Amino acid sequence: MGRVPVSVSVLVDTVGAFIVGPAVLAVGAADGALAGLTFAVKDLFDVEGQPTGAGNPDWLADFGSAASATAPAVQRLIDAGATLVGKTHTDELAYSIAGTNGHYGTPVNVNAPGRIPGGSSSGSAAAVAAGLVDAALGTDTGGSVRVPASYCGIFGLRPSWGRVPAAGVIPLSPSFDTVGVFARHPRLLRDMATALFGGDVRTSAPVEALVVAPDVWTLADADASSALRRALDGFDLPLVEEDLLDADDSFDQWMAAFRTMQSYEAWGSHGAWITSRRPTFAPDVAERFEAASRVTPAEVDAARVVRRRAAERLRSLLGDRRVLAIPSTCGPAPTAAGAGAVRARTLRLTCIAGHAGAPVVSVPLAAVDGLPLGLSLVGTPGQDEQVLDLAVALAEAVHP
């Protein structure tokens, strides 16, 4: 890009997004495609010489000593020229989509004042929205990139499961966890994703139609759905109305299966430490881990059956030439007091891609009462470039 790396020594974290920085932690390669750009990473990613705290002081005390190596996903961006300028806040062990950390506070959502930024990648989304960095890394298990991207009015990518290496990243639910990225501009999001994919460059068939599944859209607030549909009217691509669900399934079943499997894996990731350490969690996170401790293998086996059906249905609906267009969230960012009331409704939307391991780009497409709303473009696994290119085309057509 030929840009001169900026100095971050004068940057001030005006939105409470950073837990380390803003300050140069690693200088990007001078000749890389991302040279001159800055980025931050969620405090789940290891960065050589820096602590990794996972949003919880007890975790920081036990495991947060300076990392001996940098996570491969972070290193790929540095090698591509981007300069790392800090680590950002996360919800505790990434087990939330609200962004309200009980220990470290809530980053400010500059595009929805008085509303939450969404989580668990709250600091990364807030920092990008506020213009403190060009891009930022987050993780997405059940919506933790897509939700804050929608609430903060920025672009966010959840890649296909396994497409970006998750080594050096504190896990939550490994069969759902993905490394995602935020940016304010769609072409930059695509460039960051290309760097994250390393040498794994793929071509994809052009998208022939957007599937606007009526049964999915009813999961969102009526005014949110109307605003997003109006925005889609300005895009020159056929819209196909076809329900996602088969007669034997429901979104309640899909969400319940997701929560069962996520909970079981979360306890597998952290249960031994929680049992021995008895860390202090915020009440909502503590409640989730307590429930996770009771999930049985039989319940997981039943959930896996539902997960396979959901994944097969998405692949059958889309093939390789169609993309599913759905609201990223059930509405705009709520206040902190209202976050709990929308959690389950939001997970009904986000679990669709999670079950399939599918790539999603959340595009800031519309607003309700001045509050941003994202539209999620959902592809089939491995079709990341397809949804990224479509996101660029959609964003530039609707908001030239």
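Predicted model: local features only at pLDDT ≥ 70, side-chain atom pairs only at ≥ 80, totals over all residues.
**Largest pocket**

Residue numbers start from 1 along each chain as its sequence is written, and side-chain values use heavy atoms, with hydrogens and water left out.

My note on terms: on a 1 Å grid over the protein atoms alone, a pocket is an open set of points with protein on both sides within 12 Å along at least five of seven lines, a cavity is a set where a 1.4 Å probe fits but cannot get out, and lining residues have an atom within 4 Å of a point.

I read off a volume of about 410 Å³ for the largest pocket (the space filled by probe spheres set on the points, which are joined across faces, edges and corners). Which helices each supply at least two residues of its lining? I get helix 8 (251-277), helix 9 (283-292) and helix 11. Helix 11 gives the largest share, six residues. Helices here are DSSP runs of H or I with at least four residues, strands are E runs of at least two, and both are numbered from the N terminus.

By class, I have twelve nonpolar, six polar and five charged residues in the pocket lining (Ala, Val, Leu, Ile, Met, Phe, Trp, Tyr, Cys and Pro are nonpolar; Asp, Glu, Lys and Arg are charged; the others, Gly among them, are polar).

**Largest cavity**

I then looked for cavities and got three of 30 Å³ or more. The largest cavity is about 70 Å³. Its lining includes Y95, F258, Q262, R343 and L347. Helix 8 and helix 11 turn up here too, each with at least two lining residues. I noted six nonpolar, five polar and one charged in this lining.

**Helix 8 against helix 11**

How do these two helices cross? Their axes come within 8 Å and cross at roughly 80° (axes are lines fitted to C-alpha atoms, for helices over the stretch in contact, and angles run from 0 to 180 degrees between N-to-C directions). Helix 8 and helix 11 are therefore roughly perpendicular, a label for angles of 65 to 115 degrees.

In the contact (heavy atoms within 4.5 Å) I see F251, D252, W254, M255, A257, F258 and R259 of helix 8 facing R343, A344, L347, R348, C351, I352 and H355 of helix 11. I sort them into nine nonpolar, one polar and four charged.

I traced an open sheet of eleven strands, order 1-3-2-4-6-5-10-11-9-7-8, with mixed pairing (two strands pair if DSSP finds at least two bridges between them). Strand 1 (18-20) and strand 8 (239-240) are its edges, each pairing on one side only. Strand 9 (residues 322-327) runs antiparallel to strand 11 (residues 371-378), joined by four bridges. Which residue of strand 11 is the bridge partner of L324? I find V378.

Helix 11 (residues 339-356) packs on the sheet, touching strand 5 (155-158), strand 9, strand 10 (360-368) and strand 11, and its direction makes about 155° with that of strand 9.

Most residues other than glycine have a negative phi, and most peptide bonds are trans. I found a cis bond joining G21 and P22, omega about 5°, with P22 in the loop between strand 1 and strand 2 (38-42). G119 and S120 are also joined by a cis bond, omega about 5°. S120 sits in the loop between strand 3 (83-88) and helix 3 (122-129). L93, in the loop between strand 3 and helix 3, has a positive phi of about 50° without being a glycine.

Methods:
Parallel < 35°, antiparallel > 145°, perpendicular 65-115°, else oblique.
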